[in-house]
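Visitor: I'd like to learn how to read sheets and helix packing in a model. Could you walk me through one?

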Amino acid sequence: MTIKLYENFRSVFYSPFYLVEALGFYRDEGLDMRIISSDAPQPIPGPDAEDIWWGGPMRLLVGRDQDPACQLVGYCEVVTRDPFFLIGTEPRPSFQMSDLKDCRLATVSEVPTPWMCLQDDLRQAGINPYSLDRIGGRTMEENVHAFQDGTVDVIQVFEPYVTTLLSEGQGHIWYVSASRGATSYTTLFANRHTVADRRGECLAMTRATYRMQLWLRENEAPEIAAVLAPYFPTLDATTLTDCINRYKAAGIWGNNPILPRDGFERLRDACLSGGLIKSGATYEDCIDGELALAAMQEVDGNGGVATNKAEV
């Protein structure tokens, strides 16, 4: 049976998901996968949805906030730290959050998680995030143009905007959001009944993902970029390599599929402090941790090669 796996949009920080497919790890598990792309984040799946997505655990939190009966559950984390950066017009090697008080800041509008996390960083530093001179309603591309023409001083962006601005001498990294520590950012998720009914396939997907994570950890950026090139036809090899190097250095990609409690709770608390949700669901409500542990045991127990096929 074909498994439909939905991505929100094409992004470099989602690279591990493309690697699982490109390296043949799904195929090796006997899985018939179909990655379905979109140009914008998809709506939160309803209770009857039977497919699988990758996306932020933020969706699990918002889903339960909107409907306490929501049964979406995450089971295989891939992006374990925040992939966004603050880029400023001048070097700021000793950057502090208080530096933003005197700047015109443009933040991400395409999805809520980057601003939710940043506003919580500001609160932790004793700063009211809504006291800043902030533009929050424009796309990253629009913010880059505003940064280049000097109408904003700092922008919140992900790759490849970071690499492009740095390589052209137009910006400087002020803040690497991943430096705050574990912040659960992207996981495989589905309705709980789907995970139960297709548990063998979900386990096989998790094994394939863990094998990819082992490969990703052991290989350097040029080799990784060569595999990913077909997924990013508009990026030259040097740019893609630099993006991967920067993300690997920041540690945004997990070494295993476990979604840690501290990363989930940091994300939940940021969504609460930012007003995205009114009530915070528990880790146990939102996360199935058994699949990751089982997949790791099976792969590690077979010398890094999973031998079990999906139950289809």
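**Reading the sheets and helices**

Guide: Happy to, and keep in mind that this is a predicted model. Let's begin with an open sheet of five strands, whose order is E2-E1-E3-E10-E4, with mixed pairing.

Visitor: Which strands stand at the edges of that sheet?

Guide: Look for strands with a single partner. Here those are E2 (32–36) and E4 (72–79), so each has one side left without a neighbour in the sheet. From one strand to the next, the twist averages 25°.

Visitor: In which sense do E1 and E3 pair?

Guide: Follow the chain direction along both. E1 (residues 2–6) and E3 (residues 52–55) pair in the parallel sense, over two bridges. To find a bridge on screen, go to leucine 5: its bridge partner in E3 is isoleucine 52.

Visitor: Which helix packs on this sheet?

Guide: That's H3 (residues 58–66), which touches E4 and E10 (186–191). The direction of H3 makes about 160° with that of E4.

Visitor: Now the other sheet. What is its strand order?

Guide: Read across it and you get E7-E6-E8-E5-E9, an open sheet of five strands with mixed pairing. E7 (133–135) and E9 (172–176) are at the edges; each has a single partner strand, so one side of each lacks a neighbour in the sheet. The twist averages 25° from one strand to the next.

Visitor: Are E5 and E8 parallel or antiparallel?

Guide: Antiparallel: E5 (residues 85–88) pairs with E8 (residues 154–157) over four bridges. As a landmark, isoleucine 87 stands opposite isoleucine 155 in E8.

Visitor: Which strands does helix H4 lie across?

Guide: H4 (residues 113–124) lies across E5, E6 (104–106), E7, E8 and E9. Relative to E8, H4 runs at about 130°.

Visitor: And when two helices pack together? At what angle do H9 and H10 pack?

Guide: With a helix pair, check the angle and the spacing of the axes. H9 (residues 221–228) and H10 (residues 237–250) pack at about 120°, with their axes 8 Å apart. That angle makes H9 oblique to H10, and the crossing is right-handed.

Visitor: Which residues make the contact?

Guide: From H9 you have Ala221, Pro222, Ile224, Ala225 and Leu228. H10 brings Leu240, Thr241, Ile244, Asn245 and Lys248.

Visitor: How many of the residues in the contact of H9 with H10 are nonpolar, polar and charged?

Guide: Sort them by side chain and you get seven nonpolar, two polar and one charged.

Technical notes
Residues are numbered from 1 along each chain as its sequence is written. This is a predicted model: local features need pLDDT of at least 70, side-chain atom pairs count only at pLDDT 80 or more; totals for chains, interfaces and linings use all residues. Side-chain values use heavy atoms; hydrogens and water are left out. Two strands pair if DSSP finds at least two bridges between them. Axes are lines fitted to C-alpha atoms, for helices over the stretch in contact, and angles run from 0 to 180 degrees between N-to-C directions. Contact means heavy atoms within 4.5 Å. Angles under 35 degrees count as roughly parallel, over 145 as roughly antiparallel, 65 to 115 as roughly perpendicular and the rest as oblique. A crossing is left-handed if the near helix is turned anticlockwise from the far one by less than a right angle, and right-handed if clockwise. Ala, Val, Leu, Ile, Met, Phe, Trp, Tyr, Cys and Pro count as nonpolar, Asp, Glu, Lys and Arg as charged, and the others, Gly among them, as polar.
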